[in-house]
Amino acid sequence: MTVTDPIADMLTRIRNGAQAAHETVDIPASNLKLQLAKVLKEEGYIENYEEKEDGKFKVLSVTLKYDAKKKPVITKLVRVSKPGLRTYSKAKNLQKVLGGLGVAIVSTSKGLMTDRKARKENIGGEVLCYIY
């Protein structure tokens, strides 16, 4: 089965896994998804991630993070830029998510980074998603 929007598929798998209180979620791997998982780990939204071989395909295994009351750390994942309608923003026009409490992940010429880092480095790009 082909997926037309692999980023939305990854975010949906993480969202569904967190709502169902799963420990890990397996996602078909790609370089973009690995970079996205790296940013999520750096920001503290997931516990860990690793790339595994599953036959002839690679799988990204994401370990989800929960608080002391077993509530997921990620409360909302919103896909912003979609294949049918790409959303680009200059560094100075990047919106703060929840007044700075959330994170926007931006695809820039220097790779994926958070909105804070993109503003700091004065780099704009495609706004992939909001996480809070």
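Strands E1 and E3 pair in the antiparallel sense over five bridges. The model is predicted. Ile46 has Leu64 of E3 as its bridge partner. Two residues lie between the strands in the hairpin of E2 and E3, where Gly55 takes a positive phi near 70°.

| Strand pair | Sense | Bridges |
|---|---|---|
| E1 and E3 | antiparallel | five bridges |

The largest nonpolar core contains 25 residues, and Ile14, Ile105 and Ile131 have the most contacts inside it. Elements that each give two or more residues to this core are helices H1 (6–19) and H2 (31–42), together with strands E1 (24–28), E3 (57–64), E6 (103–108) and E8 (125–131). A second, separate core has nine residues, among them Leu94, Val97, Ala104 and Ala118.

Leaving aside residues up to four places away in sequence, Ile131 touches Leu40, Tyr45, Ile74, Lys76, Leu77, Val97, Gly102, Val103 and Ile105.

The largest pocket holds about 230 Å³ of space. At least two lining residues come from each of H2, strand E7 (111–114) and helix H3 (115–121). The lining includes Gln35, Lys38, Val39, Glu42 and Glu43, as well as Lys110, Gly111, Leu112, Met113, Thr114, Lys117 and Glu121. By class, six of the lining residues are charged, three are polar and three are nonpolar.

Key. Residues numbered from 1 in each chain as written. Predicted model: local features only at pLDDT ≥ 70, side-chain atom pairs only at ≥ 80, totals over all residues. Heavy atoms only, no water. Core = buried A, V, L, I, M, F, W, Y, C linked by side-chain atoms within 4.5 Å. Buried < 20%, exposed > 50% of the residue type's maximum accessible area, 1.4 Å probe, protein only. Helix = DSSP H or I, 4+ residues; strand = E, 2+ residues; numbered from the N terminus. Contact = heavy atoms within 4.5 Å. 1 Å grid on protein atoms, 1.4 Å probe; cavity = no way out; pocket = protein on both sides within 12 Å on 5 of 7 lines; lining within 4 Å. Points joined across faces, edges and corners; volume = space filled by probe spheres on them. Nonpolar A, V, L, I, M, F, W, Y, C, P; charged D, E, K, R; others polar. Pairing = 2+ DSSP bridges.
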